[in-house]
Amino acid sequence: MRAQYRILILLLIITLTAACVAPAQQSAPSEEAEAPAASIDTIIFSDLNWPSAELQNRIAQYIVEKGYGYSTDVVLGATLPLFQGLRKGDTHVTLEIWLPNQDEAWYEALGNGEVVEIGASLGKDWQSAFVIPKYLQEQYPELDSVEDLKDEQFKELFASAETGGKARLVSCVIGWACEEVNAAQVIGYELEDHVHVVNPGDGAALNADLYGAYERGEPWIGYQWGTNDPALILDLVRLEEPAYSDECWESNKACAYEDADILIAVHPDLVDAAPDVIKMLEAWDFNIEVYKEVARWQEANSDASSHDAALWWLNSRSDIWSAWVTDEAAAAIEEALAANEIPDGWPTE
């Protein structure tokens, strides 16, 4: 009997042990399957509507298509809507993020993980809504500050038929971040009763307005920035403004712009989908001195398009762009250039 009891007790112990162990074995975590890497069929560039951004896009598209074998495309637009498109993944690459113009939206998107900063684009640059031709300041040396625009003499100097006696100020393009900033500066400097603000429809209209006045030797005041074609080619002067400070910029903006940082940003999906393109963009160094050479070539070849300028630069400055790419990509790009190939993703001009 004792032997039978021992057997029964042994069986009971085995049963209870199995009952305790089995659930633990069943609940052990299984290895999670790795999420598939993001896939992008076509890399879409934010085609910002000013010359340096368009040129950089054409060069980058050529490199990405002919060097790395990806399809490319563009979405044309202004700063604010295209940045929202980048955040949502409607575009994948923006080669010119201008800070501090886009500070609020930029840092929000960065904090939310909606964009990834890759590095510098053009580098640092100046901008101002109160730029005049140098010949004008030589005629009126006492015109050297934004406060002088309150003087009746200078209001008359810049007035036109449609301004009602106010100075005509050609400000920022509609839809660019600086449109709002410049409007705030006019209020901050208490210039509402002294200037009549004109907002051009695009960058070409802004530049044409300045070029036309400059060629005729007429008075002109308005918005420009250091990497815009007229600023690289013409003799321009910025009127004096109070120095930038964070306190001023966060209140009424009655001070000069801080020098801009111009960055490259991508949508996070591109990081996994095209690491070779990311590596190329990290090496990108299309700085202001490099761009100035192209702008002057375009000025000397007035009929040339941004496509023509990109091809001229790629053909003539392989010493620069070849440092951004792999040896295999460089060879493929050289072969495509020799065959006069054009990227499929370049927009029709």
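Trainee: Where does P100 lie in the chain?
Mentor: P100 sits in the loop between β3 (93–99) and α4 (103–111), helices here being DSSP runs of H or I with at least four residues and strands runs of E with at least two, numbered from the N terminus. This is a predicted model, in which local features need pLDDT of at least 70 and side-chain atom pairs count only at pLDDT 80 or more, while totals for chains, interfaces and linings use all residues. Residues are numbered from 1 along each chain as its sequence is written, and side-chain values use heavy atoms, with hydrogens and water left out.

Trainee: And which peptide bond joins L99 and P100, cis or trans?
Mentor: The bond between L99 and P100 is cis, with omega at about 20 degrees. Most peptide bonds are trans, and most residues other than glycine have a negative phi.

Trainee: OK, so what is phi of E190?
Mentor: E190 is a residue other than glycine with a positive phi, near 60 degrees, and it lies in the loop between α7 (177–188) and β7 (195–198).

Trainee: Is E190 buried or exposed?
Mentor: E190 counts as exposed because its relative accessibility is 56%, where exposed means over 50% relative accessible area, buried under 20% and partly exposed in between, using a 1.4 Å probe and protein chains only.

Trainee: What about N340, where is that?
Mentor: N340 lies in the segment after α16 (327–338); its phi is also positive, near 60 degrees, and at 65% relative accessibility N340 counts as exposed.

Trainee: Switching topic, how many disulfides are there?
Mentor: There are two disulfides, a disulfide being a pair of cysteine sulfur atoms within 2.5 Å. One joins C172 and C178, with the sulfur atoms 1.9 Å apart, and the other link, between C248 and C255, has an S to S distance of 2.1 Å.

Trainee: Which hand does the C172 and C178 disulfide have?
Mentor: The torsion about the S-S bond of C172 and C178 is about 45 degrees, so that disulfide is right-handed, whereas the link of C248 and C255, with -105 degrees, is left-handed. Both C172 and C178 are buried, and C248 and C255 are buried as well.

Trainee: Last one, how do β1 and β2 run?
Mentor: Strands β1 (residues 42–48) and β2 (residues 71–77) run parallel and are joined by seven bridges, pairing being called when DSSP finds at least two bridges between two strands. Within that pair, F45 stands opposite V74 in β2.
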